[in-house]
Amino acid sequence: MLPNVLEDIRAARRHDPAARSRIELALTYSGLHAVWLHRLSSGLWRRGIRLPARVLAAVSRFLTGVEIHPGATIGRRVFIDHGMGVVIGETAEVGDDAVIYHGVTLGGKSLRPGKRHPTVGNRVTLGAGAKLLGPIEIGDDTVVGANAVVVRSAPPGSVLTGIPAADTRESAPPAPDPHVDPALYI
């Protein structure tokens with residue numbers, strides 16, 4: 001477990017320019033605490049020790065403001081920044097090196113048993129307030145914009161924005177800034 005803790009601290013430092021030191025991260029970052037407590041509750045859940053796993057998850061939610069079901073799968077070096085309001089459902093899967101901002105929901109759309117929540121690839125960034133709903137798959141290296149509502153699977157490298165979210169990678173380049181002299185770039 002200690003190597004994972006050190007990896008998590010290094011990932012948080014890499015993703016947060018406000019981080020001052022490893023000790024500050026370990027003591028004050030609720031997203032790190034939520035991931036660490038999830039690993040403990042998930043270990044209990046996978047061993048069939050369900051009630052203590054759910055109790056530990058509830059304590060974690062109370063302490064951190066981040067709700068992760070013990071059945072969810074969270075990869076290595078996942079960083080939850082400003083985690084308040086993050087909800088990750090029971091059958092959700094999050095790949096390695098993902099970054100999750102506050103208010104993100106990985107939720108279900110069905111009450112049927114089985115896979116109900118999203119699968120998020122490696123190196124995915126989920127912007128503040130993003131909602132990913134249902135058993136969809138989000139490919140590696142995708143960026144989901146703030147407040148996007150994603151209800152369809154997306155291939156690797158997508159940039160998902162809007163309600164409902166659409167891949168905006170191929171959209172026209174932005175208009176030139178009228179306040180910048182184009183001669184500066186020649």
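Isoleucine 136 is in contact with His117, Pro118, Thr119, Val150, Val151, Arg152 and Ser153, leaving aside neighbours within four places in sequence. The model is predicted. The protein has 186 residues, and buried ones make up 43% of them. Its secondary structure comes to four helices and 15 strands.

**Isoleucine 136**
- This residue, isoleucine 136, sits in the loop between β10 (131–133) and β11 (137–138).
- Isoleucine 136 counts as buried because its relative accessibility is 6%, and the cut-off for buried is under 20%.
- Arginine 152 is 16 residues away from isoleucine 136 along the chain, yet their C-alpha atoms are separated by 5.9 Å.

**Nonpolar cores**
- The largest nonpolar core has 29 residues.
- Ile88, Ile100, Leu106, Leu132 and Val150 have the most contacts inside that core.
- Isoleucine 88 touches Glu67, Ile68, His69, Ala72, Ile74, Ile100 and Leu106, with residues up to four places away in sequence not counted.
- A second core is separate and has 10 residues, including Ala19, Leu25, Tyr29 and Phe79.

**Helix α3**
- Helix α3 covers residues 30–46, which is 17 residues.
- At 1.5 Å a residue, α3 should span 24 Å; its end C-alpha atoms are 24 Å apart, so the two values agree.
- The buried residues of α3 are Gly31, Leu32, Ala34, Val35, Trp36, His38, Arg39, Ser41, Ser42, Gly43 and Trp45.
- An α-helix has 3.6 residues a turn, so residues three or four places apart point the same way.
- Glycine 48 follows α3 and has a positive phi, near 85°.

- Phenylalanine 62 belongs to helix α4 (residues 50–64).
- Is phenylalanine 62 buried or exposed? Phenylalanine 62 counts as exposed, because its relative accessibility is 71% and the cut-off for exposed is over 50%.

**Overall dimensions and surface**
- Taken along the principal axes, the C-alpha atoms fill a box of roughly 65 × 45 × 25 Å.
- The accessible surface of the protein comes to about 10,200 Å².
- Carbon and sulfur atoms account for 61% of that surface.
- Among contacts between residues at least 6 apart in sequence, 30% join residues at least 24 apart.

Technical notes
Residues are numbered from 1 along each chain as its sequence is written. This is a predicted model: local features need pLDDT of at least 70, side-chain atom pairs count only at pLDDT 80 or more; totals for chains, interfaces and linings use all residues. Side-chain values use heavy atoms; hydrogens and water are left out. Helices (H or I, at least four residues) and strands (E, at least two) are DSSP runs, numbered from the N terminus. The expected span of a helix is 1.5 Å times one less than its number of residues. Buried means under 20% relative accessible area, exposed over 50%, partly exposed in between (1.4 Å probe, protein chains only). A nonpolar core is a set of buried Ala, Val, Leu, Ile, Met, Phe, Trp, Tyr and Cys residues joined through side-chain atoms within 4.5 Å. Contact means heavy atoms within 4.5 Å. Accessible areas come from the Shrake-Rupley method with a 1.4 Å probe; for residues, only the protein chains shown count as cover.
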